[in-house]
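Hi,

Here is the structure I promised to pass on. Have a look at it first, and then read my notes below.

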Amino acid sequence: MDTNQYLEMFLDESKEHLQACNEHLLELEKNPEDLAIVNEVFRSAHTLKGMSATMGYEDIADLTHKMENVLDAIRNSKISVSTEILDVVFKAVDYLEEMVMDIEAGGSGKKDVQDLVNALNNIEAGHEAITTSVMETSATTLEVVQAQDMPKTELNYDEYELTVISQSQEQGFNALEVTVTLRDDCLLKAARVFMVFEILEKAGEIIKSKPDVEFLENEDFDASFTVVLLTKEDSVAIQAKVMKVSEVEDVLVTELTAESLIQGKRDKETSSQSLEQETTATEVVVKQETAPEKSKRSTNASHANKTIRVNIDRLDILMNLFEELVIDRGRLQSIASELHNPDLNETVERMTRVSGDLQNIILNMRMIPVETVFNRFPKMVRQLARDLDKKINLEIIGAETELDRTVIDEIGDPLVHLIRNALDHGVETPAERIAKGKPEEGTVTLRAYHSGNHVFIELEDDGAGVNRSRVLKKAIERGIVTEEVAGSMTDKQVAELILASGFSTAESITDVSGRGVGLDVVKSTIESLGGHITIESKEGQGSLFQVQLPLTLSIISVMLVNLEKDIYAIPLSSIIETAIIQKSEILNAHNQKVIDFRGSIVPLVNLKGIFEMENANKMDEYQSIVIVRKGDKLAGLLVDSFIGQQEIVLKSLGNYLQSVFAISGATILGNGQVALIVDCNSLIK
Amino acid sequence: MAQFGELVAREEMKVIVFQLMEKEYAIEVDVVESIEKLISVTEVPRTPSYVYGVINLRGLVTPIVDLRERFGLEVKALDDSSRIIIVSMEEFEVGLIVDDANDVFDIPLSSIEPQPEVVGTIESEFIAGVAKVDNRLLVLLNLEKILEPLKRVTSDEF
């Protein structure tokens with residue numbers, strides 16, 4: 001089978017399942033008694049096994065299979081959860097991740113898993129002896145589910161089909177299983193299938209095919225396929241007729257009898273009612289075992305169906321197309337208002353509402369929760385804490401905070417560096433912590449939240465904090481600062497020295513946070529994303545790393561204002577408030593127009609003057625101003641009039657106009673016009 | 001002429017012909033994305049005078065350059081025949097305002113000559129060559145020079 005087209009799906013889903021494994025294993029470690037969690041892990045592992053086997057990645061399938069056995073033993077309370085066992089299972093998940101990565105990178109997904117398989121076997125074997133018989137039953141149950149997942153060589157019949165077969169047999173029909181093998185060099189497989197079906201349908205009724213008709217039509221099968229035919233003709237006649245179709249290699253017709261069906265069913269242990277009345281005790285047991293398995297699987301499947309994957313390029317195209325639509329909507333609105341046709345008006349209104357909803361959905365589709373980055377950290381912290389012999393509790397807050405996809409993709413590595421740093425250099429060893437009177441377990445908090453136009457990601461630890469004298473000593477040694485400057489530096493400035501390149505304060509260099517190359521890389525990556533990083537640290541009490549990221553390529557709220565005939569947008573995040581002042585309230589101070597705004601002197605900025613527009617010095621009796629801020633500095637922007645508040649999509653002016661003074665970008669308004677976005681930061685000195 | 005060097009292998013070059021001040025100019029058809037009628041333009045403050053503004057080109061904010069201004073020719077109000085030729089450069093798309101654009105033409109490569117000493121008032125660095133076809137004189141433009149990105153358009157003298 002050509003599996004290439006499924007590869008991407010396989011990779012995505014594998015990653016999802018491995019992530020689920022990780023999460024649930026971590027949970028399991030905290031609540032070793034909660035067997036429901038084991039079930040979750042088991043389900044993920046099981047699906048992974050099925051998928052990888054189908055895709056032909058044997059090593060992954062083998063390893064998952066072993067892992068599954070261990071999990072199954074845990075699930076059936078034959079093994080109790082211990083850190084040692086979890087270590088091995090975690091390792092197995094790691095290996096699986098590596099193999100999946102390898103496949104993604106174009107590799108074969110092969111890896112020597114023998115050691116791990118042995119380790120898993122040992123865990124399993126330690127308890128197997130006592131409960132062999134039970135293990136066997138559960139193993140067979142697994143096989144059944146497995147068999148339903150994967151292509152089968154023989155047919156399984158469900159209850160309905162069995163009833164149909166038995167009834168038609170009572171009426172004198174023969175139930176034939178016809179297996180047709182096409183020649184290897186057959187070019188038009190679908191056409192041959194069609195011809196075979198046509199012949200068979202003349203002879204009787206086809207009640208089942210394997211693979212499904214859909215796959216057959218798409219030539220999505222190997223050389224052979226099987227159909228079940230109810231006919232009054234005998235098997236020899238059918239065989240002869242089908243053989244007449246050209247390019248057919250072989251036709252195998254077997255007659256289905258009540259006995260063979262029952263036998264087949266027993267072999268397979270499929271859950272179904274007996275064809276005959278002889279429902280045996282064993283079958284009932286089997287049915288009970290598989291039924292809950294099935295229902296669980298179906299709930300799991302419905303979870304998986306809640307998301308689909310879409311290429312981000314397509315979302316961009318969708319967005320652009322939608323903007324086109326918005327322009328036309330604007331035109332339609334103005335036409336409608338001219339024509340005064342009630343029907344047209346109503347339709348346009350409806351369309352406006354619907355497209356408004358559509359816009360929200362499209363914009364939101366591009367945003368993904370920061371969780372996608374955060375969710376790999378708990379396991380990383382667990383592993384690092386074990387490596388470092390520290391006790392660390394990672395708290396994650398605000399994982400649902402949404403960020404634009406482009407930022408999400410870049411932010412992972414810097415955060416890994418920061419977390420490693422906090423664990424290695426920040427949090428002390430348990431002994432040190434006890435000596436300092438702190439709780440033995442260190443707490444590292446990862447926090448994400450929106451604020452204005454930015455997303456903040458904070459990493460806080462209750463560790464040792466930045467040691468001022470040690471950092472300064474090192475910085476002076478390295479020539480990063482001079483001794484004179486060092487004395488006058490604030491604690492914050494000193495803390496930020498650790499972001500300078502070539503800086504490492506750890507007494508011993510560990511392989512966890514490396515050689516101090518990490519933090520300056522973090523700084524440059526974040527700055528390249530248009531963000532900032534700041535450190536606040538209290539010696540002995542811990543540090544707070546704050547990363548501020550822009551919501552680039554995403555929606556921002558702006559205030560639209562008029563300047564002459566043009567519309568400009570001022571980001572709401574910079575706006576303190578808007579006001580209308582009387583001309584007489586404007587004062588002069590050193591050739592600078594100012595106003596007294598709530599007790600403080602605020603300089604006025606003549607936007608039209610800065611933008612070199614006409615009527616720059618015209619001042620109305622009542623003047624509209626927008627009070628904006630940069631940090632703690634304020635300024636009042638003079639504008640002609642306010643239009644209102646709106647959510648807009650930030651667009652760059654492109655590479656031709658690389659830098660325009662006081663303009664940070666542009667956006668497209670509902671009527672299709674471009675409005676420029678005022679960069680308040682460059683207007684305030 | 002360097003940019004036409006690789007074209008020697010071909011015998012002809014397809015160009016879009018447009019008018020500016022009654023003269024005919026040509027751009028290679030490969031770089032032309034589309035030709036638009038004038039749509040609403042938003043002015044961008046504190047940019048060189050030849051940057052006419054930005055337009056919304058199917059969801060992309062695209063800068064527009066007034067070629068008359070760029071060449072230092074007499075500026076004329078836009079009218080119904082004015083067109084915006086959207087050209088796609090390596091890193092960006094820019095629209096060029098021209099008086100009229102209505103012709104696609106195959107120029108035999110042999111007819112392209114380096115520019116004569118005097119070609120109107122246009123700065124010579126903007127011109128890649130001149131083609132004489134059927135008594136028509138087509139001026140081939142050097143778009144790379146004409147559309148140099150504007151870095152730090154106006155510095156912070158504010």
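In chain B, strand S1 (residues 12-20) lies antiparallel to S8(B), with eight bridges between the two. One pair to look for is Ile16(B), which sits opposite Val104(B) in S8(B). When I say strand or helix, I mean DSSP runs numbered from the N terminus: E and at least two residues for strands, H or I and at least four residues for helices. Two strands count as paired if DSSP finds at least two bridges between them.

Before going on, please keep in mind that this is a predicted model: local features need pLDDT of at least 70, side-chain atom pairs count only at pLDDT 80 or more, and totals for chains, interfaces and linings use all residues. Residues are numbered from 1 along each chain as its sequence is written, while chains are lettered from A and ligands numbered from 1 in the order in which they are written.

Back to that pair of strands: both belong to an open sheet of six strands in chain B, in the order S8-S1-S2-S11-S10-S9, and the pairing is mixed. Strand S8 (100-108) and strand S9 (112-113) of chain B are at the edges with a single partner strand each, so one side of each has no neighbour in the sheet. As background, strands of a sheet pair through backbone hydrogen bonds, either parallel or antiparallel.

Chain A has strands to look at too. Strand S9 (residues 454-461) of chain A runs antiparallel to strand S11 (residues 542-550) of chain A, over eight bridges, and Glu460(A) has Leu544(A) in S11(A) as its bridge partner. S11(A) is also joined by seven bridges to strand S10 (residues 532-538) of chain A, again antiparallel; there, Ser537(A) is opposite Ser543(A). S10(A) and S11(A) make a hairpin with three residues between them, and Gly540(A) in the turn has a positive phi of about 85 degrees.

Now for what is packed inside. The largest nonpolar core has 81 residues, and Ile570(A), Leu637(A), Ala26(B) and Ile85(B) have the most contacts inside it. A nonpolar core here is a set of buried Ala, Val, Leu, Ile, Met, Phe, Trp, Tyr and Cys residues joined through C-beta atoms within 7 Å. Buried means 20 or more other C-beta atoms within 10 Å of a residue's own, exposed means 12 or fewer, and partly exposed is in between, with C-beta atoms placed from the backbone. S1(B), the strand we began with, gives the most to this core, with six residues. Leaving out residues up to four places away in sequence, Ala26(B) touches Val15(B), Ile16(B) and Val17(B), among others. Contact means that the C-beta atoms of two residues, placed from the backbone, lie within 7 Å. Another core, of 38 residues, lies apart from the largest one and includes Leu384(A) and Val455(A).

How many residues of chain A are in contact with chain B? There are 27, and they meet 28 residues of chain B. H13(A) gives the most to this side of chain A, with four residues. Phe611(A) counts as buried because it has 22 C-beta neighbours inside 10 Å. Apart from neighbours within four places in sequence, Phe611(A) is in contact with Leu563(A), Pro45(B) and Arg46(B).

Just after H3(A), Ser77(A) has a positive phi of about 60 degrees.

Last, confidence. The mean pLDDT (the predictor's confidence in each residue, from 0 to 100) of chain A is 76, with 83% of its residues at 70 or more. For chain B the mean is 81, and 84% of its residues reach 70 or more. Stretches to treat with care include residues 128-153 of chain A, with pLDDT below 50, and residues 152-158 of chain B, where pLDDT stays under 50. Where pLDDT is low, the predicted coordinates should not be read in detail. For the complex, the predictor gives an ipTM of 0.84 and a pTM of 0.48.

Cheers
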